[in-house]
Every structure is written in C-alpha cells, then in structure tokens.
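Here are some questions and answers for a first look at this structure. Each answer works towards the value or name that was asked for.

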Amino acid sequence: MAPTSHLALINVFTGDIQGGLGPFLGTWLAGIDGWTPARVGLVTTVVGIGALLLSGPFGALVDRLGRPRLLIGLACAAILAGTLLLLPARAFATVLSAQMLAAAGGTLLLPAVTALTLGMVGKDAFPRQQGRNQAFNHVGILAAAAIIGLGTRTTGPAIAFWVLGAMAALAILATATTPAGAFNARRAAGWTEDADDAPARSPLRQIFGNRKLLVLALALALFNLGSGGMLSLLGQKLVATAADAQSWVARYVMVAQLVMIPVALFAGSLADRRGRRQLLVAACAVLPVRAAISAFVDDPVWLVTAEILDGVASGIIGVAVPVVVADLTWGSGRTQTALGSLNAVQGIGGALSAWYGGLAQAWLGWTGAFLALGAPAVAALALVLWLDTTTASPRGGSPAPDGA
C-alpha cells in the first residue's frame with residue numbers, strides 16, 4: 001500500500017474523532033444522569049477554552065519532536081481513553097477530566113497530521129494532498145454520523161462511544177502501519193533534505209510578528225465569528241418558523257459535509273493554478289451570501305442552499321489555511337507552531353459567534369441577526385483581498401505561487 005493510502009485512512013478515521021463526542025455529549029449526559037443544559041454548557045465551555053490554550057503549544061511540540069506518527073497515535077489514544085472514561089463517569093470533575101483528555105488529543109491531531117503530510121509529499125504536492133486529506137476527513141465524519149444515526153434506534157445512545165472508539169483504534173492501526181521511511185523531518189520543516197547541518201529554527205517573535213500571518217489570523221477570526229454560530233441560530237429560527245426543526249438541521253449538516261468533499265478536492269487542485277489568496281477570497285465572499293439567504297428565506301427547503309454555501313466556504317478554508325501557513329513559514333521550522341496558534345485564534349472567533357448571534361437576535365430580530373453575522377465576513381473579505389500570500393523561502397525553497 002502506498003504511503004499516501006495510509007494517509008487517506010488516517011484522515012478517514014480521525015475525521016469524526018477530533019471533536020470527541022461533540023454534539024452527542026449533551027444528549028448522553030442528559031439521558032443518563034439528568035444533566036441540565038447549563039451544566040453541560042459549562043463543561044463544554046471549560047473544555048473549549050482548555051483546547052484553545054493547548055493549540056499553540058501542541059503545534060510547537062510537533063515541530064520540536066519531529067515524530068508526527070508517534071503523536072498521532074498518542075492523540076488517538078487520548079481521545080479513546082477520554083471518551084471511554086465518560087461511560088462510567090457521573091461526577092462533574094470526572095466528566096470534565098475525561099472530556100479534557102479527549103479534547104487535548106483532538107487538538108494535537110491537526111498539526112501532527114499536517115506535519116506527517118508535509119514530511120511525506122513535500123510542499124509542492126502539499127496543496128493537492130491537503131485537498132485529499134480534507135475530502136477523506138469529511139467522508140469519515142459522514143460515515144460515523146450515518147452509523148450513529150442508524151444504530152441509535154437499536155442500541156441506544158451508547159453507540160456513539162463504540163463508533164468513536166473503533167475509529168480511534170483504526171486510526172492508530174493506520175498510523176502504526178505507515179512506513180516510517182515515508183516521512184522526512186527535514187522535508188516537513190522545509191530544510192534541504194540532503195544536507196547534514198541542523199538549521200536553527202526561527203525565533204518565535206519572528207513567527208508571531210509576521211504581519212501576513214497576523215492579518216490572516218484576524219481574517220480567520222472574523223470569518224469564524226460570522227460562520228461559527230450561524231447553523232445553530234438557523235436551527236433556533238426554524239423552531240419558531242417551521243415544523244420538525246431538528247430533522248432539518250440534521251439534513252443541513254449532512255448536506256454541508258457532502259458538499260465539502262468535492263470542494264476540498266477541487267480547492268486542493270486549484271491552489272497552485274489560481275493561487276491561495278483567490279481561495280481565501282472565495283470562502284470569505286460566500287459567507288455573506290449565506291447570511292443573506294438565512295436572513296430573508298423562511299422555507300426550510302430553500303434554506304438548504306445556505307448550507308450548500310457553508311460546505312463551499314468551510315471546504316475551502318480547511319484546505320487553504322494549512323497551505324498558506326506552510327507558505328508563510330516555510331523553512332522556519334515553526335510551521336505547526338504557527339498553524340496551532342492560528343487554530344486557536346480561529347477557535348476564539350467561533351466560540352464568540354453563538355453569543356454574538358444571540359445578542360444580535362435579541363436586539364435586531366432574526367433578519368438583523370443573520371445580517372450581523374454576515375458583517376464580520378465582509379471585513380474578513382477586505383483583509384484577504386489585501387493580503388499577499390506569496391513569500392520566498394528563507395532556506396532555499398521556491399516561493400509559493402499565488403495569483404496576486
């Protein structure tokens with residue numbers, strides 16, 4: 001089996017497990033021990049903050065250790081252990097500790113898989129491979145959701161634990177059987193592969209002071225501020241305006257994931273031909289249109305178009321962001337540090353989105369709330385239109401192509 005086939009399997013099996021139980025956590029806790037939404041929300045918030053704080057340091061760990069296969073295995077084991085520990089857990093502290101362990105594993109997975117990909121295929125082939133990674137990732141999410149949805153009727157809500165556990169175990173197996181020689185640590189860092197020297201990594205202040213990275217971080221925070229809470233707000237709107245709101249939201253999630261698969265593949269192939277910035281522009285331009293449809297359309301059938309646009313925007317972002325970060329940090333030895341820190345900034349925007357959307361709804365009503373969520377995306381669009389993502393490698397690599 002080719003090394004990239006192992007990479008495909010890793011992405012399929014890690015697609016669903018990165019977020020742990022995710023939306024199934026509240027259902028499980030409410031069903032087995034009568035947890036209130038406020039108590040579930042407190043656990044979710046604390047775990048989310050912890051994951052954000054770990055994102056940058058875990059990226060730095062991936063860069064420093066240079067052993068992504070080992071870290072992927074440890075991350076999957078942490079997710080598996082944390083999820084299974086929830087089965088007997090009832091006390092608040094036990095549930096919080098188990099969820100934090102699983103969240104830490106999920107936070108470590110993204111930079112580790114990105115490093116493994118770069119070390120296997122190199123930067124020139126990275127955009128296309130990242131598109132494939134994301135496509136397989138969404139296939140895994142869809143497969144797990146379908147199995148859980150069908151299995152819940154016969155086996156109960158505990159099926160979510162066993163599906164997640166099986167996928168974590170299979171991800172560990174796919175990682176362990178990946179040929180060790182397929183990964184080159186110097187290739188992953190952007191250093192000359194046939195040299196014997198050990199280049200010094202760029203100082204952290206140089207990475208965090210990179211103006212292009214800072215602009216990208218701000219743009220992504222604004223993008224997620226608009227996008228993160230939009231589906232949740234749409235579900236609340238449907239409760240007030242349509243019947244069977246929960247079923248419609250489930251359909252929207254499936255539609256968005258289905259759209260992300262071809263979009264990710266297309267974005268990966270388009271990154272070199274049309275440029276990275278054009279991908280970011282397209283993703284940010286789609287979000288205000290999605291917000292406008294959500295604001296002015298009440299028919300749940302026609303609202304499917306809004307979630308198709310969600311799939312387009314999210315599918316592009318998942319491919320473009322790691323590629324641009326690799327371009328801007330190539331040869332620094334700090335690519336995963338930068339990517340982890342950028343993910344934390346994105347997470348802050350996403351975490352604030354539901355609060356921002358809810359506040360806007362209270363003040364402006366449903367139409368005004370969705371238009372308010374579209375406003376940060378317009379600001380993000382302005383930033384990426386200005387952003388020049390081309391850069392020359394500091395250690396001899398080729399500059400990243402961009403249509404700018």
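Q: At roughly what angle do the axes of helix H10 (residues 211-227) and H13 cross?
A: The model is a predicted one. In it, the axes of H10 and H13 come within 10 Å of each other. Their crossing angle is roughly 25 degrees.

Q: Are H10 and H13 roughly parallel or roughly antiparallel?
A: The axes of H10 and H13 cross at roughly 25 degrees. Angles under 35 degrees count as roughly parallel. H10 and H13 are therefore roughly parallel.

Q: Which residues of H13 meet H10, and how do the residues of this contact divide?
A: H10 contributes Leu216, Phe223, Gly226 and Ser227, and the residues they meet in H13 are Leu280, Ala283, Cys284, Leu287 and Arg290. The residues of this contact divide into 6 nonpolar, 2 polar and 1 charged.

Q: Is H13 roughly parallel or roughly antiparallel to H15?
A: The axes of H13 (residues 276-296) and H15 (residues 335-386) come within 8 Å and cross at roughly 165 degrees. Angles over 145 degrees count as roughly antiparallel. That crossing angle therefore makes H13, relative to H15, roughly antiparallel.

Q: How many residues in the contact of H13 with H15 are nonpolar?
A: On the H13 side the contact includes Leu280, Cys284 and Leu287. On the H15 side it includes Phe370, Leu381 and Trp386. Besides 3 polar residues and 1 charged residue, the number of nonpolar residues is 19.

Q: Which handedness does the crossing of H13 and H15 have, left or right?
A: H13 passes H15, and H10 passes H13 in a left-handed crossing. The crossing of H13 and H15 is also left-handed.

Q: How many of the residues of H14 are buried?
A: Helix H14 (residues 304-329) has 26 residues and reaches 38 Å from its first C-alpha to its last, close to the 38 Å expected. Just after H14, glycine 331 takes a positive phi of about 85 degrees. H14 is mostly covered, and its count of buried residues is 21 of 26.

Q: Why does valine 323 count as buried?
A: Valine 323 lies in helix H14. Buried means under 20% relative accessible area. Valine 323 counts as buried because its relative accessibility is 1%.

Q: Which residues is valine 323 in contact with, leaving aside its neighbours within four places in sequence?
A: Lysine 123 is 200 residues away from valine 323 along the chain, yet their C-alpha atoms are separated by 8.4 Å. With neighbours within four places left aside, the contacts of valine 323 are Phe126, Pro127, Gln130 and Arg276.

Q: Is phenylalanine 58 buried or exposed?
A: Phenylalanine 58 belongs to helix H3 (residues 37-65). Leaving aside neighbours within four places in sequence, phenylalanine 58 is in contact with Ala104, Thr107 and Leu108. Its relative accessibility is 18%, so phenylalanine 58 counts as buried.

Q: What length does H7 reach from its first C-alpha to its last?
A: Helix H7 (residues 159-176) has 18 residues. Its buried residues include Phe161, Leu164 and Met167.

Q: What percentage of the residues in the chain are buried?
A: The chain has 15 helices and 0 strands. Among contacts with a separation of 6 or more, 82% are between residues 24 or more positions apart. Of the 404 residues in the chain, the buried share is 53%.

Technical notes
Residues numbered from 1 in each chain as written. Predicted model: local features only at pLDDT ≥ 70, side-chain atom pairs only at ≥ 80, totals over all residues. Heavy atoms only, no water. Axes fitted to C-alpha atoms, helices over the stretch in contact; angles between N-to-C directions. Helix = DSSP H or I, 4+ residues; strand = E, 2+ residues; numbered from the N terminus. Parallel < 35°, antiparallel > 145°, perpendicular 65-115°, else oblique. Left-handed = near helix turned anticlockwise from the far one by under 90°. Contact = heavy atoms within 4.5 Å. Nonpolar A, V, L, I, M, F, W, Y, C, P; charged D, E, K, R; others polar. Expected span 1.5 Å × (residues − 1). Buried < 20%, exposed > 50% of the residue type's maximum accessible area, 1.4 Å probe, protein only.
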